[in-house]
Amino acid sequence: MNNYKQNLRANEEKLFQRYVLISQSQVKSSSENSGPSGYYYQGVWRALGGHTVRQFNNSAISECLKGKGVHMYGDSTIRQWFEYLNAALPDLKEFNLHSLKQVGPFMALDYGNNVLVTFRCHGPPIRFPSIPTSELRYIANEIDGLTGGTSTVVVFGIWSHFSTFPMEVYIRRLQSIRRAVVRLLDRAPGTLVVIRTANPKALMLYETITNSDWYSLQRDKVLRAVFKGLNVHLIDAWEMVLAHHLPHSLHPQPPIIKTMMDLLLSYICPKNDLIIILVAFKEYCAGFFQVCQYRPDAQPMWSPAGCQSPFRLAEPQRLYHQLPPFEF
């Protein structure tokens, strides 16, 4: 192993020397307050940053994404999120764009709830075996093409395909994306931007020597440093995979993906949003109550099954006191 040498082309050695200098200067500021971002308790991720992570079932996901356009960009670890939503929501129908499985682009639409979900892989460097040149799009250019707004969610993750390249290449790409994000937030401040970090992976001998988690960790630190100070949210995939009992994998297993999606959806629908509460209340009460109407000009209200003695809207506490305690 000590005699292993990678064949470098002319002047590539200089790039790797520059990489050491750049990585040290860029990462120093982001390493000062390092620490875990959360932990698992009874299989549920608990974030330490003060943000509450809720559990979303399929109906809650539909309610949360109603009227939203979710645009995903990146590598196959982001494609996993598109595939998760596509499988979890029965009303989300994927269009057949005759795209390659690994590359995309992909598009899915829930017409009834006005939900649009898209995915597109990032531009080169990229290690997919084949991809049409017409589909080689850069994330910065795609973000510049978005109008943005409160109904727009931008999600991206870019790291895996850069781990075998000099850090300078990765830093320049992130700087380009950062400028596009700044322009997006300037023209549409209500746009939600979420970034997925790198994660540990299973390592064979060749990867341990040439593409170990050490390289991914350096890029993870640089990504955090580049986007520090912007109004963006991070999905700490590194900590979520590291803290889980399942083995490390480049493509985390479904329980971890579910955790990541719960955090993403918690950013889209924060705790002060009543959507999830109303959905949980409706589902919980479905066996005991039905929507009734006190009189033709009254608003719909919850009352005991049969609607024989509906409650007046002026007395909501009488209704709540009859419900067994429950948690959201």
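Helix H3 is largely enclosed by the rest of the structure, because ten of its 13 residues are buried (under 20% relative accessible area with a 1.4 Å probe, counting protein chains only; over 50% is exposed, and values in between are partly exposed). The model is a predicted one, in which local features need pLDDT of at least 70 and side-chain atom pairs count only at pLDDT 80 or more, while totals for chains, interfaces and linings use all residues. Residues are numbered from 1 along each chain as its sequence is written, and side-chain values use heavy atoms, with hydrogens and water left out.

H3 spans residues 76-88 and reaches 18 Å from its first C-alpha to its last, close to the 18 Å expected at 1.5 Å a residue (the expected span being 1.5 Å times one less than the number of residues). Helices here are DSSP runs of H or I with at least four residues, strands are runs of E with at least two, and both are numbered from the N terminus. The buried positions of H3 are Ser 76, Thr 77, Ile 78, Arg 79, Gln 80, Trp 81, Phe 82, Tyr 84, Leu 85 and Ala 88.

From H3, Gln 80, Trp 81, Tyr 84 and Leu 85 meet Ile 257, Lys 258, Met 260, Met 261 and Leu 264 of H9, where contact means heavy atoms within 4.5 Å. By class, this contact has seven nonpolar, one polar and one charged residues (Ala, Val, Leu, Ile, Met, Phe, Trp, Tyr, Cys and Pro count as nonpolar, Asp, Glu, Lys and Arg as charged, and the others, Gly among them, as polar).

Within H3, Leu 85 is buried at a relative accessible area of 2%. Leaving aside residues up to four places away in sequence, Leu 85 touches Ile 61, Leu 65, Met 72, Leu 92, Val 117 and Met 261. Val 117 is 32 residues from Leu 85 along the chain, and their C-alpha atoms are separated by 8.4 Å.

In H9, which covers residues 254-268, lies Ser 266, and this serine counts as buried because its relative accessibility is 0%. A polar atom of the Ser 266 side chain lies 3.2 Å from the backbone nitrogen of Arg 54. Beyond four places in sequence, the residues touched by Ser 266 are His 51, Thr 52, Val 53, Arg 54 and Phe 56.

Pro 247 and Lys 201 are 46 residues apart in sequence, yet 8.4 Å apart in space, C-alpha to C-alpha. Among the residues that Lys 201 touches are His 248, Ser 249 and Leu 250.

Overall, the protein chain has eleven helices and eleven strands, and buried residues make up 45% of its 328 residues.

Definitions and conventions:
Polar contact = N/O pair within 3.5 Å; in protein donor to acceptor, adjacent residues only side chain to side chain.
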